[in-house]
Amino acid sequence: MSRSYRDALSCFATGVTVVTARHEASDWGMTCNSFSSVSLEPRLVLWSLRQNASSRAAFVNSGGYTVSILSGQQEALARQFSSGEMAQRFAGVDAERLDSGRLKIGASSAWFDCSLVRVIAAGDHDILLGEVKNFGWTPAEPLIFAQSQFLPVRQLAAPS
Ligand SMILES: Cc1cc2nc3c(=O)[nH]c(=O)nc-3n(C[C@H](O)[C@H](O)[C@H](O)COP(=O)(O)O)c2cc1C
C-alpha cells in the first residue's frame with residue numbers, strides 16, 4: 001500500500017479500542033480503530049482484522065469479541081496492545097472478566113460484548129460482524145486517533 005494512500009486514510013479521525021477474545025483458555029487482545037456501529041436494531045457492530053495477524057484464529061474461532069473504547073488517559077494501552085507477546089500485552093492491565101469469559105479494559109469510556117455473527121473476507125482483512133449482547137459506558141472522554149497521532153477529544157474542542 002502506498003504511503004500516500006495511508007496518509008489520506010489517516011485524515012479520517014477515529015476512536016481507539018482494544019478488542020479482546022478468549023480462545024482455548026487464553027486471552028487475546030489488540031488495538032483497533034476500525035470499529036464501527038452498523039445497525040441499532042438489532043445491535044450490530046463491526047471491525048476489520050488483518051488476515052495475517054497472529055490473533056486471527058482466536059478472533060475468528062472463539063465465537064465473539066469484546067470492544068473497549070479507550071479513554072483519553074489510555075494512550076499507553078493503545079500502544080501496549082499494538083505489538084508484542086499476548087501475555088505482555090495484558091501485564092499490569094486493569095481488566096475485568098465478563099460473563100462471556102472475555103476481558104474488558106478497566107476505566108475505558110465504553111465497552112461492547114459481542115457474539116460473532118459473520119466473518120466477511122475483504123482483501124487483506126476480514127470484517128468481523130458482531131451482535132452486541134452487553135455494553136456499558138462512562139462519561140470519560142474518549143481517545144482520538146488521527147494522522148497517526150493520539151489525542152484526547154477535548155484537545156479538539158474549541159474552548160467557549
Ligand atoms: C491506533 C491503531 C489502530 C489499529 N487498528 C487495527 C485494526 O482495526 N485492525 C487490525 O487488524 N489491526 C489494527 N492495528 C494493528 C494491530 O493492533 C496490530 O497489528 C496487532 O496488535 C499485531 O498483533 P498480532 O501479533 O496479532 O499480529 C491498529 C494499531 C494501532 C496502533
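Tutor: Two strands pair if DSSP finds at least two bridges between them; a strand is a DSSP run (E) of at least two residues, a helix a run (H or I) of at least four, and both are numbered from the N terminus. The model is predicted: local features need pLDDT of at least 70, side-chain atom pairs count only at pLDDT 80 or more, and totals for chains, interfaces and linings use all residues. Residues are numbered from 1 along each chain as its sequence is written.

Student: How do you know that β11 and β12 pair?

Tutor: Four bridges join β11 (residues 143-146) to β12, and the definition asks for at least two, so the strands pair. They run antiparallel, and Ala146 stands opposite Gln149 in β12.

Student: What makes β1 and β12 edge strands?

Tutor: The open sheet has the order β1-β11-β12, with antiparallel pairing. β1 (14-15) and β12 (149-152) each pair on one side only.

Student: Which residues come nearest the ligand?

Tutor: Of the 17 residues around the ligand, Met30, Ser34, Arg50, Ala53 and Ser54 come nearest; a residue is near if its C-beta atom, placed from the backbone, lies within 6 Å.

Student: Which strand gives the largest share of that shell?

Tutor: β5 does, with four residues. β3 (26-32) and β5 (44-50) each supply at least two.
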